[in-house]
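Welcome! Have a look at the protein shown here, and then we can walk through it together.

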Amino acid sequence: MHARIADRRLDHLHKVTTRLVRETQTVAIEDLSVRNMLRNRRLARVISDASWSQLRSML
């Protein structure tokens, strides 16, 4: 089950990054202090599930 969720997340990230690269001329990425943002208990799970670092490396 975990592998299936990971595969779906990876597939979605591939689709999003491919679409961004094809449809835009310029992509700007802001460096965020994710480590500090993870200290917020309300946002920690959502932020860690978002796979921001993987999205950035794919771009």
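The report below covers the helices, a pocket, a surface patch, the salt bridges and some distances.

## Before we start

This is a predicted model, in which local features need pLDDT of at least 70 and side-chain atom pairs count only at pLDDT 80 or more, while totals for chains, interfaces and linings use all residues. Residues are numbered from 1 along each chain as its sequence is written, and side-chain values use heavy atoms, with hydrogens and water left out.

## The largest pocket

Rolling a probe the size of a water molecule over the atoms shows where empty space is left. On a 1 Å grid over the protein atoms alone, a pocket is an open set of points where a 1.4 Å probe fits, with protein on both sides within 12 Å along at least five of seven lines; its lining residues have an atom within 4 Å of a point. The largest pocket here has a volume of about 310 Å³, where a volume is the space filled by probe spheres set on the points, and grid points are joined across faces, edges and corners.

What lines it? The lining has 14 residues, and Glu30, Val34, Trp52, Ser53 and Arg56 lie nearest the centre of the pocket. Two elements each give two or more residues to this lining: helix H3 (44-49) and helix H4 (52-58). H4 has the largest share, with 4 residues. Helices are DSSP runs (H or I, at least four residues), numbered from the N terminus.

By type, the lining divides into 8 nonpolar, 3 polar and 3 charged residues. Here Ala, Val, Leu, Ile, Met, Phe, Trp, Tyr, Cys and Pro count as nonpolar, Asp, Glu, Lys and Arg as charged, and the others, Gly among them, as polar.

## A nonpolar patch

On the surface, Leu20, Val21, Val27, Ile29 and Leu59 form a nonpolar patch, and together they have about 380 Å² of accessible area. Such a patch is made of residues with over 30% relative accessible area and no salt bridge, with nonpolar side chains (Val, Leu, Ile, Met, Phe, Trp, Tyr) joined within 5 Å. Accessible areas come from the Shrake-Rupley method with a 1.4 Å probe, and for residues only the protein chains shown count as cover.

Val27 is partly exposed because its relative accessibility is 41%; buried means under 20% relative accessible area, exposed over 50%, and partly exposed in between (1.4 Å probe, protein chains only).

## Two salt bridges

Side chains of opposite charge can pair when their charged atoms come close. The whole structure has 2 salt bridges, each a side-chain nitrogen of Lys or Arg within 4 Å of a carboxyl oxygen of Asp or Glu.

In one, Asp11 meets Lys15 at 3.2 Å, N to O. Both residues lie in helix H1, 4 residues apart, about one turn of the helix. Asp11 is partly exposed at 39%, and Lys15 is exposed at 54%.

Arg19 pairs with Glu23, with their closest N and O atoms 3.4 Å apart. Arg19 and Glu23 also lie in H1, 4 residues apart, about one turn of the helix. Arg19 is exposed, with 55% relative accessible area, and Glu23 is exposed at 58%.

## Distances along the chain

Asp31 lies in the loop between H1 and H2 and is exposed at 57%. How far apart are the C-alpha atoms of Asp31 and Arg56? They are separated by 10.0 Å, with the residues 25 apart along the chain.

Thr24 also lies in the loop between H1 and H2, and its C-alpha atom is 30 Å from that of Arg4, 20 residues apart along the chain.

Definitions and conventions:
Patch = residues over 30% accessible without salt bridge, like charges linked within 9 Å, V, L, I, M, F, W, Y side chains within 5 Å.
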